[in-house]
Structure formats: structure tokens, C-alpha cells
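Trainee: I would like to learn how to read a few features from a model. Can we go through them one by one?

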Amino acid sequence: MSSSTIGRPNSRPIATAVEVGRDRLRVALSDDRELTVPIEWFDWLASASDEEWSDWTLIEGGAGIWWDRLDESLSVAGLLGLRETS
């Protein structure tokens, strides 16, 4: 299997929007990609209420997503399976 990289391979992925549904988490990226993952990957998110789901904020310029009411976060790089860079 082969893969390709679009854009600058060393640029960090940036989220522009987040949508949480009953069975999935969707993250729109600044380079027009869209990532959708099963919500079951995150027990804390799967068991949250609609109000808790909707209380998200993009952090670090879109490098991460923070849910204040849940006191939890996800990195966009981590969702893509990329190694975190500082």
C-alpha cells in the first residue's frame, strides 16, 4: 500500500471545525481534508451528553480540541496518527 502527502509534509495539521455525533467525531482541516473517526475510540466522549459535546474549543491555533466541561482534549496530529512536535 502506498500513501501520499498533500501540501507541506512538515506543516502541522490545523483543525477549523469540529462536529460530534452519536457515532462519530468529524474534524475539518485547514487544507480541506476531513477526518472522521468512531466516537467509541474515546470512552469519555462517547458517554458525554449533547451539551458536553458542544462545549469544544480549538486550542493552540487549531492544533488541538478542548472540551471544557469534560476536562479532556485531543490533538489533531494524534488523530491523524502523527507524532507530536513541539
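Trainee: Which side chain meets that of R33 in a salt bridge?

Mentor: That of D31, at 2.8 Å from N to O. Bear in mind that the model is predicted. R33 is partly exposed, with a relative accessible area of 39%. D31 is partly exposed too, at 36%.

Trainee: How many salt bridges are there by this rule?

Mentor: Six. Look for shared partners. E19, R24, R26 and E34 are joined that way into one network. Within it, R24 bridges to E19, with the closest N and O atoms 2.7 Å apart. E34 bridges to R26, and there the closest N and O atoms are 3.1 Å apart.

Trainee: Are E34 and R26 buried or exposed?

Mentor: E34 is exposed, at 53% relative accessibility. R26 is buried, at 18%.

Trainee: On to rings. How many aromatic pairs does the structure hold?

Mentor: Three. Read the centre distance, then the angle between planes. Take F42 and W44: their ring centres are 6.1 Å apart and their planes stand at 55°, so this pair is tilted. F42 is buried, at 12% relative accessible area. W44 is partly exposed, at 21%.

Trainee: What kind of pair do W44 and W67 form?

Mentor: An edge-to-face pair. The centres are 5.3 Å apart and the planes are at 65°. This pair links distant parts of the chain, with W44 in helix 1 (residues 43–46) and W67 in strand 5 (residues 64–67), 23 residues apart. W67 counts as buried, at 0% relative accessibility. Ring pairs link W41, F42, W44 and W67 into a cluster.

Trainee: Which residues does W67 touch, leaving aside those up to four places away in sequence?

Mentor: The list includes V18, V20, L25, L45 and W53. Strand 4 and strand 5 run antiparallel, joined by four bridges.

Trainee: How many residues are in the largest nonpolar core?

Mentor: It has 19. Those with the most contacts inside it are V20, L25, V27, F42, L45, W67 and L79. Strand 1 (15–20), strand 2 (24–29), strand 3 (34–38), strand 5 and helix 3 (76–79) each give two or more residues to this core.

Trainee: What should I check in the backbone angles?

Mentor: Most residues other than glycine have a negative phi. E60 has a positive one, about 50°, although E60 is not a glycine. E60 is in the loop between strand 4 (56–59) and strand 5. That hairpin has four residues between its strands. E60 is exposed, at 57% relative accessible area.

Trainee: Where does D71 lie?

Mentor: In the loop between strand 5 and strand 6 (72–75). Phi of D71 is positive, near 55°. D71 is exposed, with a relative accessible area of 55%.

Trainee: Last point. What pLDDT does the protein chain average?

Mentor: It averages 89, and 86% of the residues score at least 70. Where pLDDT is low, the predicted coordinates should not be read in detail. Confidence is highest in strand 5, at 98, and lowest in helix 2 (residues 50–53), at a mean of 93.

Conventions. Residues are numbered from 1 along each chain as its sequence is written. This is a predicted model: local features need pLDDT of at least 70, side-chain atom pairs count only at pLDDT 80 or more; totals for chains, interfaces and linings use all residues. Side-chain values use heavy atoms; hydrogens and water are left out. Rings of Phe, Tyr and Trp (its six-membered ring) pair if their centres lie within 6.5 Å; planes under 30 degrees apart count as stacked, over 60 as edge-to-face and the rest as tilted. Buried means under 20% relative accessible area, exposed over 50%, partly exposed in between (1.4 Å probe, protein chains only). A nonpolar core is a set of buried Ala, Val, Leu, Ile, Met, Phe, Trp, Tyr and Cys residues joined through side-chain atoms within 4.5 Å. Contact means heavy atoms within 4.5 Å. Two strands pair if DSSP finds at least two bridges between them. pLDDT is the predictor's confidence in each residue, from 0 to 100. A salt bridge is a side-chain nitrogen of Lys or Arg within 4 Å of a carboxyl oxygen of Asp or Glu.
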